[in-house]
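I set out to record what I looked up in this structure. The entries follow in the order in which I made them.

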Amino acid sequence: MKFIISGKNLTVSEGLKTAVEDKLGKLERYFTPDTEVVVTLSVEKERQKIEVTIPMKGNIIRSEQVSNDMYVSIDLVEEVIERQLRKYKNKIVDRQQAAGNFQKEYLDREYEEDEEVKIIRTKKFDIKPMYPEDACVQMELLGHNFFVFVNAETDQVNVVYKRKGNTYGLIEPEV
């Protein structure tokens, strides 16, 4: 695995770099040697945060963990990613998505699925063109944490969502 480690509001020391590579290196048994692992370490006040992204063909494996200690965050993020891999392995293989990034031994091993993904409700609604700020207001009025709309500026389907710290995000398709 190839690690790309960067820091926001902190300098990545050799100790942190070694801890990340050692802990996330345990995931090596799942991936091929040329798989890239993008790691971002950041500090905001008392929060020690690690974000790990593993881009693959058709999928992205991602986890973000926050604690008061960066080493604890590193431990937590490895556990979460490993759990995600075991949980979704069968779905990934069944759809033949990104199987090229995984080692054969991992794909051949059977894991029990914790839960099956089930869609229990389908909703249809009219999409009206509006500006992202108006979509945020509409989302708040509905009491939801995301809202799908047609962007009046781009004429494309977008999603606004509520983020931590009472801020908003906008998802736009890339064509």
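Exposed means over 50% relative accessible area and buried under 20% (1.4 Å probe, protein chains only). Helices (H or I, at least four residues) and strands (E, at least two) are DSSP runs, numbered from the N terminus.

I noted that this is a predicted model, in which local features need pLDDT of at least 70, side-chain atom pairs count only at pLDDT 80 or more, and totals for chains, interfaces and linings use all residues. Residues are numbered from 1 along each chain as its sequence is written, and side-chain values use heavy atoms, with hydrogens and water left out.

I then listed the buried residues of α4 (residues 132–142): P132, A135, C136 and M139. Down the helix axis they fall within an arc of 105 degrees, so they line one face of α4; the arc is that of the directions from the axis to the C-beta atoms. They pack against β5 (129–130), β6 (146–151), β7 (157–163) and β8 (167–171). After α4 comes G143, with a positive phi near 75 degrees.

E51 is buried, at a relative accessible area of 17%. I found a polar contact of 2.9 Å between the side chains of E51 and R62; such a contact is a pair of N or O atoms within 3.5 Å, and within protein one must be able to donate a hydrogen and the other to accept it, while residues adjacent in sequence count only if both atoms are side-chain atoms.

Definitions and conventions:
Contact means heavy atoms within 4.5 Å.
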